[in-house]
2 protein chains.
Amino acid sequence: MPGNYKKGYRGENELVHMLAKKGFMVMRAPRSGRINLPSPDVIAVKSGKVYAVECKSRKNGFKVPAEQLEELLQWEKIGGSETYVAWKIAYKGWFFIPLKKVMENNGNVGKGFCAENGKPFDEIFGE
Amino acid sequence: MPGNYKKGYRGENELVHMLAKKGFMVMRAPRSGRINLPSPDVIAVKSGKVYAVECKSRKNGFKVPAEQLEELLQWEKIGGSETYVAWKIAYKGWFFIPLKKVMENNGNVGKGFCAENGKPFDEIFGE
C-alpha cells in the first residue's frame, strides 16, 4: 500500500517536528535498514522522561497486531517509556491512546474508542 | 567514502545487538529520510534511563565536529541522556568516551586519549 506508506511517513514527520518545537529530543525509526528489534515509530525524550509512540494515519479504524502490541509493551515495561498509539484523524489532529487501553481493547482502535480514550497532543506534551 | 560508510553501518548494527542482548530497548537513527533534527546514531533505554551513543568505526583517531558535539550535548542537557562517543577499535572492541571528555578535548579523539578516557562496554551497560 504505497499510498498508506507515504501518508504514514508524512504523518510521522509532522509529529516529529511538533515534538521538536515543544523542546523534545526526538528520533524516528528507520524505514530501511531495519534491525529486527522491536521499535516504535518515534521516540521523544525530555529531562530523562521517555515517550514511545506508534503512529497511524488512517481514514478509518484499525487493529494493532498482537505482536506489535507486545513489542510496544517491552518499551514500556523494560525501557520505562510512556507508550502511546497515536492516530492522526483528518481535520481533527492527533490523538494519543495509552498502550494499556489499546491492549485492553485487543488492539482495536475505532473512532468511538479513540474519542473516549485518546488524549490531544497538548495534554501529553505540553501547551 | 563508501568504505567508511559501510564499516560504520556494520559497527552500529553490532552495537545495537550487543545492547539488545543486555536487555536494552534500542533505536538506530535512520540512514535515509533524515529529519533535520539533532540525533545520535543509537539510543538505548532501560528502566527509564536513556543512553545516547555516537558511533565511530575508524582505524585512526578522528575529530568530532563542533556542530555534532553541540547536538549531542542537547541530548544530554535537554533529553537527560547519558551521552557517549563510542569508538570501535579493531581487535580491541568498543570504547565509550563521555561526551564531556570529548568536548573538553575539542572533539579530538586519538588512541592515547581513548585509552585514558574510554570505558569498555561492560562497565557502562553491565556484565
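**View 1. Packing around the buried residues of α2(B) in the predicted model.** The buried residues of α2(B) pack against β1 of chain A, and also against β3 (49–56), β5 (82–89) and α3 (99–104) of chain B. These buried residues are L72(B), W75(B) and E76(B). They line one face of the helix, because they fall within an arc of 100° when seen down the axis of α2(B).

**View 2. Helix α2 of chain B, residues 66–77.** The helix has twelve residues and reaches 16 Å from its first C-alpha to its last, close to the 16 Å expected at 1.5 Å a residue. On the face turned away from the buried side of α2(B) are the exposed residues A66(B), E67(B), E70(B) and K77(B).

**View 3. The side of chain A that touches chain B.** In chain A, 28 residues are in contact with 28 residues of chain B. At least two residues of this side come from each of α1 (2–21), β1 (25–28), β2 (42–46) and α2 (66–77) of chain A. β1(A) supplies the largest share, four residues. By residue type, the side of chain A that touches chain B divides into 14 nonpolar, eleven polar and three charged residues.

**View 4. The open sheet of chain A.** Six strands of chain A form this sheet in the order β1-β2-β3-β5-β6-β8, with mixed pairing. β1 and β8 (119–120) of chain A stand at the edges with a single partner strand each, so one side of each is left without a neighbour in the sheet.

**View 5. Pairing of β2(A) with β3(A).** β2(A) and strand β3 (residues 49–56) of chain A run antiparallel and are joined by five bridges. V45(A) has V50(A), in β3(A), as its bridge partner.

Technical notes: Residues are numbered from 1 along each chain as its sequence is written. Chains are lettered from A and ligands numbered from 1 in the order in which they are written. This is a predicted model: local features need pLDDT of at least 70, side-chain atom pairs count only at pLDDT 80 or more; totals for chains, interfaces and linings use all residues. Two residues are in contact if their C-beta atoms, placed from the backbone, lie within 7 Å. Ala, Val, Leu, Ile, Met, Phe, Trp, Tyr, Cys and Pro count as nonpolar, Asp, Glu, Lys and Arg as charged, and the others, Gly among them, as polar. The expected span of a helix is 1.5 Å times one less than its number of residues. A residue is buried if 20 or more other C-beta atoms lie within 10 Å of its own, exposed if 12 or fewer, and partly exposed in between; C-beta atoms are placed from the backbone. The arc is that of the directions from the helix axis to the C-beta atoms. Two strands pair if DSSP finds at least two bridges between them.
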